[in-house]
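Please look over the sequence and the structure below.

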Amino acid sequence: ETTSCCQSASALAKKHNKPIEYVVGDESFKSEGEADVYLASMIEKKVEEMQSVQYAAGDNCYRCPMTAKKEAKKAKAKMTYRVGGVDFEDKALAEKAAVLASERVSAVKLSYKVGKDSFCCDKMAGVKAKKTGSKMTYVVGEEETDSASEAKMLVAKAKLAAIVAAATAVIA
């Protein structure tokens, strides 16, 4: 059985005396951490796509403007330029949004904290953690976690949010 609720999954696992499997798309994983890492990698692929100008015909996006024009003509729609899920009729505005999206994605950083000390490098943070016996925390923006796999997810989500914010800022 499949459910999107972790509590239901736990109850089902107990009921059937089976371990929980975590599913992302068509892939199954034995641990939530593995599933998070895979999902983060899928989001990262989408991030690459969404921060560039794509050619849209209705709901569909294409890398090739000729294909998009052909599909738009078939659908009796107008081809638009899509960045971050936002459609632009003006190519120059879309290109501006793509540049802004790339800049904002570049600004998303993963940093580390050990006690009250912050580090930009995991190696320096690791040395400090070992030296003090404290745990290392991963920091993305205002969010913190002690899980490396969750940190990857936080970075991917922050990048997506940055792209959408950039695209909507251009049309505002």
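## Helix α4 against α6

α4 and α6 cross in a right-handed sense. This is a predicted model. Helix α4 covers residues 91-107, and its axis lies 8 Å from that of α6. The packing angle is about 145 degrees.

On the α4 side, the contact is made by Leu93, Lys96, Ala97, Leu100, Ala101, Arg104 and Val105. They meet Lys159, Ala162, Ile163, Ala165, Ala166, Ala167, Ala169 and Val170 of α6. The contact of α4 with α6 holds 12 nonpolar residues and 3 charged ones, with no polar residue.

## Helix α2 against α6

α6 (residues 148-171) also packs with helix α2 (residues 32-50). Here the axes are 8 Å apart and the angle is about 20 degrees. α2 is therefore roughly parallel to α6, the angle being under 35 degrees. The crossing of α2 and α6 is left-handed.

α2 contributes Gly33, Asp36, Val37, Leu39, Ala40, Ile43, Glu44, Val47 and Met50 to this contact. From α6 come Ser149, Lys152, Met153, Val155, Ala156, Lys159, Leu160, Ile163 and Val164. By class, the contact of α2 with α6 has 12 nonpolar, 2 polar and 4 charged residues. Lys159 and Ile163 of α6 take part here, and Lys159 and Ile163 also meet α4.

## Aromatic pairs

The whole structure contains 3 aromatic pairs. One of them joins Phe29 and Tyr38, with ring centres 5.2 Å apart. Their planes stand at 40 degrees, so this pair is tilted. Phe29 is buried, at 15% relative accessibility. Tyr38 is partly exposed, with a relative accessible area of 26%.

Tyr55 and Tyr81 form an edge-to-face pair. Their centres are 5.9 Å apart, and the planes make an angle of 70 degrees. Tyr55 belongs to strand β3 (residues 54-57), while Tyr81 belongs to strand β5 (residues 79-83). The pair therefore ties together parts that are 26 residues apart in sequence. Tyr55 is buried, at 14% relative accessibility. Tyr81 is buried too, at 15%.

## Positive phi in two loops

Most residues other than glycine have a negative phi. Asn17 has a positive phi of about 55 degrees, although it is not a glycine. Asn17 sits in the loop between α1 (6-16) and β1 (22-24). Its relative accessible area is 69%, so Asn17 counts as exposed.

Lys76 also has a positive phi, near 55 degrees, and is not a glycine. Its place is the loop between α3 (65-74) and β5. Lys76 is exposed, with a relative accessibility of 78%.

## Thr137 in strand β9

Is Thr137 buried or exposed? Thr137 is buried, because its relative accessibility of 14% falls under the 20% cut-off. The residue lies in strand β9 (residues 136-140).

Which residues does Thr137 touch, not counting those up to four places away in sequence? Thr137 touches Ser111, Tyr112, Lys113, Glu144 and Thr145.

Terms used: Residues numbered from 1 in each chain as written. Predicted model: local features only at pLDDT ≥ 70, side-chain atom pairs only at ≥ 80, totals over all residues. Heavy atoms only, no water. Phe/Tyr/Trp six-rings, centres within 6.5 Å; stacked < 30°, edge-to-face > 60°. Buried < 20%, exposed > 50% of the residue type's maximum accessible area, 1.4 Å probe, protein only. Helix = DSSP H or I, 4+ residues; strand = E, 2+ residues; numbered from the N terminus. Axes fitted to C-alpha atoms, helices over the stretch in contact; angles between N-to-C directions. Parallel < 35°, antiparallel > 145°, perpendicular 65-115°, else oblique. Left-handed = near helix turned anticlockwise from the far one by under 90°. Contact = heavy atoms within 4.5 Å. Nonpolar A, V, L, I, M, F, W, Y, C, P; charged D, E, K, R; others polar.
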